[in-house]
Amino acid sequence: MPETLLCPRNLAFELYEVLDAEGLTQRERFADHSRETFDAAIDTARSIAENLFAPHNRKADENEPIYKDGEAVLIPEVKPAVDAFIEAGFHNASRSFDDGGMQLPNLLSRACFAHFQSANIGTSSYPMLTMGASHLIEVFGSDEQKQRFLQPMLEGRFFGTMALTEPHAGSSLSDLRTRAEPAGDGSYRLKGNKIFISGGDHPLSENIVHMVLAKLPDAPPGVKGISLFIVPKFLVNDDGSLGKRNDVILAGLFHKMGWRGTTSTALNFGDNGDCVGYLVGEPHKGLSYMFQMMNDARIGVGMGAIMLGYAGYLYSLNYARERPQGRLPDGKNPASSQVPIIQHTDIKRMLLMQKAYVEGSFDLGLYAARIVDEEQTAATEEERKNAHELLDLLTPIVKSWPSEFCLKANEMAIQILGGHGYTREYPVEQYYRDNRLNPIHEGTHGIQSLDLLARKLTQNGGAGLRQLLGLIQGTCKRAGEFSSLDALRQPLEQLLGRLTEVTQALLGDLMAGKINQALANSALYLKVFGHAVIGWRWLEQAIRAEQGLAKGNEADVDFYRGKLQAARYFLTWEVPSCHHDLDLLAGRDDTCLSMQEDWF
């Protein structure tokens, strides 16, 4: 089977040449680690992903979960894979040794998990959801809640979900109707309906812990009145044993275009008036708590999009190398041998596009993971604060840009395989279908773009934005030391200058109360901002590639040349195309804003 997980050489490049993973071992928390232990963890992840996750990826797609006797039924291969994941320690990869974890940096944890996302996005979702839910309880839950629910989740006996979306409200959380009434004993009784709950029911664990958003009787209107509750599938007794089934009913399963291996459920809470829930933290602060889990999840979604794009790229690359078809334009002799399609220029174009999108995004996703390590373990409080502000700004980009452009990479993979790519006998069509969910869940492009332009840019007085601009300018300055990178650096500098001007103008409109006008084309703004960020990350990779070439290792020449060519493609083909978008933004184009409902 062709390699589709990810390129080991590129991962080593990112970890050890771009992001300085080894430097983290100088910190007290990671002092017991080394490059050798990092590589051992990666090798173990790759082995489990290859042997237990990848083999049932297609089967899970063709045999999606079914609803039977009020429960979700999965194919049998899912549980052994998830069990192996937990037994190998990846469930708690970044947790401390004292808590039974591997105490890996977040950077390495993400790098390991990327293998599972690439091998089987559906099966990998179950532990990813649980890791997010457990972190939420760990940060905001009471000691009793941690003992009763968190500890079994860390052990892999309980799994978790987040339950936000309701049938009538969609992404509009301010309109949710699920209610929670105090029961007089410290617990609550919930009543409501939730849909699109990933992992909302399955047979993989003893219990499922739902993190549910609901409103108390005295809740103020809007998002400020939302509280967060733990609602287990089975109640848990004081001694930790399972009690009776809670009043949480699986109402049905959604049948999806892709990502079919993960159950997507409709759940009814309190149909019989006895759905027991436990308030997490303070009343009416549930959305702020949930956003912590959602930010982690958004980075995870971005990485999932990246790895699906990466898998399609690697498969189509291998196919293009092996598939003979046609001759080059100057090949006039029909009796001559056909050439592998990778020799055709348009195939190279599509492969370069994929490489630029997926490897640029992969760098950004791991860079975000590296920022988390700074946020948690940097030496000073100021450094940790700066990391938090930068990560907050970048999160909408990490989630949304790969979700859009790695999906385009999947489209190019199908195109390279031609008619074969459109059939289910080859995996690239499944990668596309699976990846099509990522622009939707954990906040659509529209929501992420509003978050970026209306909130994240000015948050903390614009501290995150100032940091980012300084980092990009610093990279451009270092790139100036290489005359070979002038043609790559200059388009980024030009884009950054114009983007800064347009950003200031749009923020001025917001301050002046011209909110609808300023935000009308926010999705276009997110795209341009994302291109600037990915362009920056490619320029960083290009610098490292030039440094690598200077070392004179003959075995690495092709790898580094490939990096430079992909950087050249993105910075000279993609980045300049953003200026038309900036023209529309600068002119406050109202084509979409002024469109009337009756004109459609």
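How many disulfides does the structure hold? The structure holds 0 disulfides, a disulfide being a pair of cysteine sulfur atoms within 2.5 Å.

Before I continue, a word on the basis. This is a predicted model, in which local features need pLDDT of at least 70 and side-chain atom pairs count only at pLDDT 80 or more, while totals for chains, interfaces and linings use all residues. Residues are numbered from 1 along each chain as its sequence is written, and side-chain values use heavy atoms, with hydrogens and water left out.

Let me return to the cysteines. For C406, the closest cysteine sulfur is in C7, 15 Å away, which is too far for a bond. C578 is likewise in no disulfide, and the nearest cysteine sulfur to it, that of C476, is 14 Å away. C406 counts as buried, at 0% relative accessibility, and C578 is buried with a relative accessible area of 0%. Here buried means under 20% relative accessible area, exposed means over 50%, and partly exposed is in between, with a 1.4 Å probe and protein chains only.

My second topic is helix packing. Helices (H or I, at least four residues) and strands (E, at least two) are DSSP runs, numbered from the N terminus. Helix 12, residues 445–456, packs against helix 16, residues 522–550, at an angle of about 75°, and their axes are 8 Å apart. The axes are lines fitted to C-alpha atoms, for helices over the stretch in contact, and angles run from 0 to 180 degrees between N-to-C directions. The two helices are therefore roughly perpendicular to each other; angles under 35 degrees count as roughly parallel, over 145 as roughly antiparallel, 65 to 115 as roughly perpendicular and the rest as oblique.

Which residues make the contact? Helix 12 contributes H445, G446, Q448, S449, L450, L452 and L453, and helix 16 contributes S522, A523, Y525, L526 and F529, where contact means heavy atoms within 4.5 Å. By class, this contact has 7 nonpolar, 5 polar and no charged residues. Ala, Val, Leu, Ile, Met, Phe, Trp, Tyr, Cys and Pro count as nonpolar, Asp, Glu, Lys and Arg as charged, and the others, Gly among them, as polar.

I turn now to the aromatic rings. Rings of Phe, Tyr and Trp (its six-membered ring) pair if their centres lie within 6.5 Å; planes under 30 degrees apart count as stacked, over 60 as edge-to-face and the rest as tilted. By this rule the count comes to 25 aromatic pairs. In one of them, F53 and F85 have ring centres 6.4 Å apart and planes at 55°, so the pair is tilted. F53 lies in helix 2 (residues 35–53) and F85 in helix 4 (residues 78–87), so this pair ties together parts that are 32 residues apart in sequence. Both F53 and F85 are buried.

A further pair, Y188 and F229, is edge-to-face, with 5.3 Å from centre to centre and 65° between the planes. Because Y188 lies in strand 5 (residues 188–198) and F229 in strand 7 (residues 227–232), the pair ties together parts that are 41 residues apart in sequence. Y188 and F229 are both buried.

A119 is found in helix 5, residues 106–119, and is buried, with a relative accessible area of 4%.
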